[in-house]
Structure formats: C-alpha cells, structure tokens
Amino acid sequence: MAVIKIRNTGEWIKGHENVGSFLEKQGVLYEHWDVSKLPNHLKETFVLSDEEKEEILAIFKDDIEDLAARRGYKAWDVVALSDATPNLEELLKKFEQVHIHTEDEVRAIVAGHGIFIIKGDEQTGYFEVQLEAGDVISVPEGNPHFFTLMEDRQVVAVRLFIDPSGWVAHPYEEKEEAVQ
C-alpha cells in the first residue's frame, strides 16, 4: 500500500483512505489492483520476456480495460526495471528529471515498488508517493513530477497511454527550488 511523504514538512500520510483522500485533493488518481492473482513465477521476476509481459497483460486484462474505459486510455504495455536492465543508470537519470506530459502518466505496479515525486498545490509543494505492488497511480497531464526506484531498484509496472505513440516527457523548469 502506498505511503506519502510531504517533502517540505516531513509529514507522512499512511492508510489506504488517507492516501486516497490526499491524492484526490491533489488531482492524482489512486486505485489498488489485486496482485495476488499474479502467479508465483512472476511475483519476484524483474527481467521479463515478451511472453511474460503478455501474460501480465492478460492477467490484468479486466483491470486495464476498466481503467482504460473510464479514462480514455488506448494503449498499454509492461515495463520492468532492475539492476539487470541495460543502461539502467541512463534511464534513471532521464526519469529523475522533473518533467510534464501532454497526457496522464499512469502506472500500475504489479511487482516491486517505486517512488513518484509530484508537485502538489502551493501549500503542499512536492510530495513522494511510495508505491508497492497493487498500487495504481495517474499523474495528471501537465503536472510536474518525476519517478525513481527504491533502494532495491526493482519494479514491474503496467503503463497506460492515451496516445498510442506512448510516453513523451517535456522538461519542466522549476520557478522555485524543489525541496530535497
């Protein structure tokens, strides 16, 4: 289950209802999928074949199609990141730059975990959403954010897109210093 850390105050937000309520106020969609239906051979696998990625999409077909129907997503895929990922450091450097998109950035974590750092309203500032398997998040179009991995550097996520050409990041120039 996701937890949130407000960077400028150090406050932690825990519990499904509290996390959901906070994110809703920030305009961020948060849901939870049942990852117990993932077979054992995929639960801790972070290097996936194309066949295993297709298996994950088939397992979560109903969840994906439901979310896509509600939010207008037209394409989806699976991404897996770990220390075995070629050029992982280069990818992380790209991900860890504050950016925006011209559509929502949607991730459904099916194994491992990661962190979205999202710019909230003026009062909140930047906050971290630490995601675990089962957590689904949609960062709204135009909302500054970035993504990184946790210490174990392992995540498998379903990504959903409105534009079938996929994910395009646009650099965001911060007018004020992001709280570290």
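Strand 7 is largely enclosed by the rest of the structure, because five of its six residues are buried. Buried means under 20% relative accessible area, exposed over 50%, and partly exposed in between, with a 1.4 Å probe and protein chains only. Helices (H or I, at least four residues) and strands (E, at least two) are DSSP runs, numbered from the N terminus. The model is a predicted one, in which local features need pLDDT of at least 70 and side-chain atom pairs count only at pLDDT 80 or more, while totals for chains, interfaces and linings use all residues. Residues are numbered from 1 along each chain as its sequence is written, and side-chain values use heavy atoms, with hydrogens and water left out.

Strand 7 has two antiparallel partners to consider here. Six bridges join strand 7 to strand 8, and five bridges join strand 7 (residues 114-119) to strand 10. Two strands pair if DSSP finds at least two bridges between them. Ile118 stands opposite Phe127 in strand 8, and its bridge partner in strand 10 is His145. Phe116 has Phe147 as its bridge partner in strand 10. The hairpin of strand 7 and strand 8 has six residues between the strands, and Gly125 takes a positive phi near 70° there.

Strand 10 (residues 145-149) is also largely enclosed by the rest of the structure, since five of its five residues are buried. His145, Phe147 and Leu149 point one way from the strand, whereas Phe146 and Thr148 point the other way.

Contact means heavy atoms within 4.5 Å. With neighbours within four places in sequence left aside, the contacts of Val129 include Ile4, Leu23, Ile118 and Ile137.

Rings of Phe, Tyr and Trp (its six-membered ring) pair if their centres lie within 6.5 Å; planes under 30 degrees apart count as stacked, over 60 as edge-to-face and the rest as tilted. The structure holds three aromatic pairs. In one of them, the ring centres of Phe22 and Phe127 are 4.9 Å apart and the planes stand at 90°, so the pair is edge-to-face. Because Phe22 lies in helix 1 (residues 16-25) and Phe127 in strand 8 (residues 126-131), the pair ties together parts that are 105 residues apart in sequence. Both Phe22 and Phe127 are buried.

Another sheet is an open one of five strands, in the order 3-9-6-11-4, with antiparallel pairing. Its edges are strand 3 (29-32) and strand 4 (75-81), each of which pairs on one side only. Neighbouring strands of this sheet are turned by 20° against each other on average, direction ignored. Helix 3 (residues 50-59) packs on the sheet and touches strand 4, strand 6 and strand 11; its direction makes about 125° with that of strand 4. Axes are lines fitted to C-alpha atoms, for helices over the stretch in contact, and angles run from 0 to 180 degrees between N-to-C directions. Within the sheet, six bridges join strand 6 (residues 105-112) to the antiparallel strand 11 (residues 155-161), and Ile109 has Ala157 as its bridge partner.

Leu29 is found in strand 3 and counts as buried because its relative accessibility is 16%. The C-alpha atoms of Leu29 and Val136 are separated by 7.8 Å, although the two are 107 residues apart along the chain.

Asp104 lies in the loop between strand 5 (99-100) and strand 6. It counts as buried because its relative accessibility is 14%. A polar contact is a pair of N or O atoms within 3.5 Å; within protein, one must be able to donate a hydrogen and the other to accept it, and residues adjacent in sequence count only if both atoms are side-chain atoms. The side chains of Asp104 and Tyr73 are joined by such a contact of 2.8 Å. The Asp104 side chain also reaches the backbone nitrogen of Glu141 at 3.2 Å.
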